[in-house]
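Dear colleague,

Please find below the structure for your review.

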Amino acid sequence: MKSHQSALTIILLSCVLTTTAFSATASSTEASTNVWRDVPPGPPDAILGIAQAFRECTAENKVNVCVGAYRDEKGQPWVLPSVRSAEEIMLSSENKEYLPIEGDAAFVNKALRFAYGANAPLDRIAGVQTLSGTGACRIGGEFLSQFYSSKNILVPDPTWGNHHKIFKECGLTVGTYRYYDRSTNRLDLQGMLEDLRNAPDGSTILLHACAHNPTGCDPTDEQWDQLLDVIRQKQHLIFFDSAYQGFASGDAEADAKALRRVMDAGYPMLLAQSFAKNFGLYGERCGTLSVVCHDVAQKDILMSQLKCIVRPMYSSPPKHGSSIVRTVLSDEKLTQQYYQECASMADRIQTMRQRLVQALQNVGSSHDWSHISEQIGMFAFTGMSAEMCDTLTDQYNIFLTRDGRISIAGLNDDNLGYVAKAIHSVTDGKSITSN
């Protein structure tokens, strides 16, 4: 009798435990289902989302003139031979240890001399290695948010779309200044000057060092004179974003002219520097953020604060890309080879720029496309409307951003004629300027 009671007790207990376990599992499943239930989907990135759509497109005639990455004459990514040579040297000498918080000091010094010039006063420039230009803008924005008196930053209209998001995330108030006149497809100098004059004194002004993205329209030397005069009068702080040095004209020294002019004139300034485009190190996330200081003591203080910003954000930067740049710029032969390779990329893009204008004329376009010829760098700001861009994508499988920007690097012998005919088709009889 007792054995039967014991067996019954065990069975009942087993049932209770099973029921409890089932209830717990059901409860856990419900909790895991509900805990993130109210999270909305994030919007796709305006540029990377288009790149994804291109990858998913199965059309044989598809063309990608969206993402800002260099392609050779066959439409393929190109690793610079000087970069490959540097990697071969590194194979026997580089380890995989952590870098310091501020990054590789030898790389940072080489990078800053590349930007500011061979005789740059590095003893009063606080510089840290960053996650390419995006990371440099973010570190700079955090620094401004914490330590600069004005929380206003003005970026050009238009500008790289990520600028707005980065600086907003830093807690800065992001405004714009007029930069490009769509009615003429040229620089809006007067609007730019007026907006800089009307900005609160001491605002931070983001300037593209060269090859403005997305317009490819840079101020002339005389226009820089006027702009810097207003900036001086208003005591604005300059924040340069330099993503295309050497890639714009093919001459890294010439592309640094505006930056060095500001430096030599003694303006306070920050610099976000990227080696993605000019060294082809897109996936290596290699750059610097630097702040020009008054003296060595001030540099030391700012370095300590920049490291405090970096440490909880990503602790220390990746090593491979910075080692490549350091190795190339530390070797005279590789440096000269690099300059030639960088010039070859710029030359191919400039050639394709001129050929696109000629191809548009050849297919019968009556529009004035001279603004494309006059622009510089990776992109052409065509003047096409969002609707025209949508038609190019929907009907011709040509993928581009809806502001009319196309990446000249995406053009080659195989697709140039097709792209020109498609652009003519969507723009024929319609305006490519707006009032």
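Y418 has a relative accessibility of 26%; because buried requires a value under 20% and exposed one over 50%, Y418 counts as partly exposed. Please note that this is a predicted model.

By contrast with that residue, W224 and F240 are both buried. The rings of W224 and F240 form a tilted aromatic pair, with 6.2 Å from centre to centre and 55° between the planes. W224 belongs to helix 8 (residues 221-234) and F240 to strand 8 (residues 237-242), so this pair ties together parts that are 16 residues apart in sequence.

Y418 itself pairs with Y396 in an edge-to-face arrangement: the centres are 6.4 Å apart and the angle between the planes is 65°. That angle is classed as edge-to-face because the class covers planes over 60 degrees apart. Here two helices are involved: Y396 lies in helix 15 (residues 386-396) and Y418 in helix 16 (residues 416-427), so the contact ties together parts that are 22 residues apart in sequence.

A search of the whole structure finds 18 aromatic pairs. Ring pairs also join several residues into a cluster, which consists of F107, F114, F275, F279, Y338 and Y339.

Two contacts between a charge and a ring may also be of interest to you. K62 is placed over the face of F54, at 4.4 Å from the ring centre. R405 is placed over the face of F379, and its distance from the ring centre is 3.7 Å.

Yours sincerely,

A colleague

How values were computed. Residues are numbered from 1 along each chain as its sequence is written. This is a predicted model: local features need pLDDT of at least 70, side-chain atom pairs count only at pLDDT 80 or more; totals for chains, interfaces and linings use all residues. Side-chain values use heavy atoms; hydrogens and water are left out. Rings of Phe, Tyr and Trp (its six-membered ring) pair if their centres lie within 6.5 Å; planes under 30 degrees apart count as stacked, over 60 as edge-to-face and the rest as tilted. Helices (H or I, at least four residues) and strands (E, at least two) are DSSP runs, numbered from the N terminus. Buried means under 20% relative accessible area, exposed over 50%, partly exposed in between (1.4 Å probe, protein chains only). A charge sits over a ring if NZ of Lys or CZ of Arg is within 6 Å of the ring centre and within 35 degrees of the ring normal.
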